[in-house]
Amino acid sequence: MSIRQLYRNPERCAGCPFRNECLATKKKPEVSDDAEKICSRNEVLEQFHEYVDITLGSEFGKELKKQRSIQVEGAFGVIKEDMGFTRFRRRGMKGVTMEFLLVCLGYNLKKYHMYRLRQEKKNALKA
């Protein structure tokens with residue numbers, strides 16, 4: 001859900017607090033005296049971005065970012081290299097989604113199977 005607020009400034013945008021954002025392009029447009037500039041801002045999205053910046057800036061957030069990069073890259077690497085999945089064979093969003101869900105299911109079953117084998121081996125060594 002997004003809430004857009006429009007700010008209108010019939011003057012030359014001189015006193016507008018959002019002037020830099022509104023005119024933040026490589027080519028600065030010339031605004032005439034009678035021009036009316038409209039700036040659109042998504043207030044809800046900006047609040048979410050502020051919250052994320054604060055959360056990820058903390059020590060806990062930094063640790064989460066480190067763990068995320070390790071976990072995601074490893075899973076995709078295993079799926080591509082070890083399982084040989086490099087190309088979808090289905091067409092359409094529904095088909096691709098189903099195929100990828102099956103690949104992820106196979107990945108998780110493989111992980112679980114390897115976990116169970118390690119547990120059985122560990123229990124056999126203890127006995």
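Biologist: Which residues do the ring pairs link into a cluster?
Modeller: Happy to start there, and please keep in mind that this is a predicted model. Phe 76, Phe 85, Phe 88 and Phe 100 are joined by ring pairs into a cluster. Searching the whole structure gives three aromatic pairs.

Biologist: Why is the pair of Phe 76 and Phe 100 called stacked?
Modeller: Two values settle that. The ring centres are 6.5 Å apart and the planes make an angle of 25°. Pairing requires centres within 6.5 Å, and stacking requires planes under 30 degrees apart, so the Phe 76 and Phe 100 pair counts as stacked.

Biologist: Where is Phe 88 found, and with which residues is Phe 88 in contact beyond its neighbours in sequence?
Modeller: Phe 88 sits in the loop between H3 and H4. Setting aside neighbours within four places in sequence, Phe 88 has contacts with Val 96, Glu 99 and Phe 100. The C-alpha atoms of Phe 88 and Glu 99 are 7.3 Å apart, although eleven residues separate the two along the chain. Phe 88 has a relative accessible area of 37%, so it is partly exposed.

Biologist: What makes Lys 62 and Glu 59 a salt bridge?
Modeller: Side chains of opposite charge can pair when their charged atoms come close. Here the N to O distance between Lys 62 and Glu 59 is 3.9 Å, and the cut-off is within 4 Å, so the pair qualifies. The count by this rule is one salt bridge. Both residues lie in helix H3, three residues apart, about one turn of the helix.

Biologist: How do you know how accessible Glu 59 and Lys 62 are?
Modeller: Glu 59 has a relative accessible area of 59%; that is over 50%, so Glu 59 is exposed. Lys 62, at 39%, is partly exposed.

Biologist: Which residues form a nonpolar patch on the surface, and what lets Leu 105 belong?
Modeller: The patch consists of Met 98, Leu 102, Leu 105 and Leu 109, with about 410 Å² of accessible area together. Leu 105, in helix H4, has a relative accessible area of 47%.

Biologist: How do you know where to trust the model's coordinates?
Modeller: I look at pLDDT. The chain's mean is 77, and 65% of its residues reach 70 or more. Among the elements, H4 has the highest mean (93), while strand S1 (residues 4–9) has the lowest (52). Over residues 24–28 the pLDDT is below 50, and this stretch has one contact beyond near neighbours in sequence. Residues 31–36 are also below 50, with nine such contacts. Where pLDDT is low, the predicted coordinates should not be read in detail.

Note on methods
Residues numbered from 1 in each chain as written. Predicted model: local features only at pLDDT ≥ 70, side-chain atom pairs only at ≥ 80, totals over all residues. Heavy atoms only, no water. Phe/Tyr/Trp six-rings, centres within 6.5 Å; stacked < 30°, edge-to-face > 60°. Patch = residues over 30% accessible without salt bridge, like charges linked within 9 Å, V, L, I, M, F, W, Y side chains within 5 Å. Areas by Shrake-Rupley, 256 points an atom, 1.4 Å probe, with all protein chains shown as cover. Salt bridge = Lys/Arg side-chain N within 4 Å of Asp/Glu carboxyl O. Helix = DSSP H or I, 4+ residues; strand = E, 2+ residues; numbered from the N terminus. Buried < 20%, exposed > 50% of the residue type's maximum accessible area, 1.4 Å probe, protein only. pLDDT = per-residue confidence, 0-100. Contact = heavy atoms within 4.5 Å.
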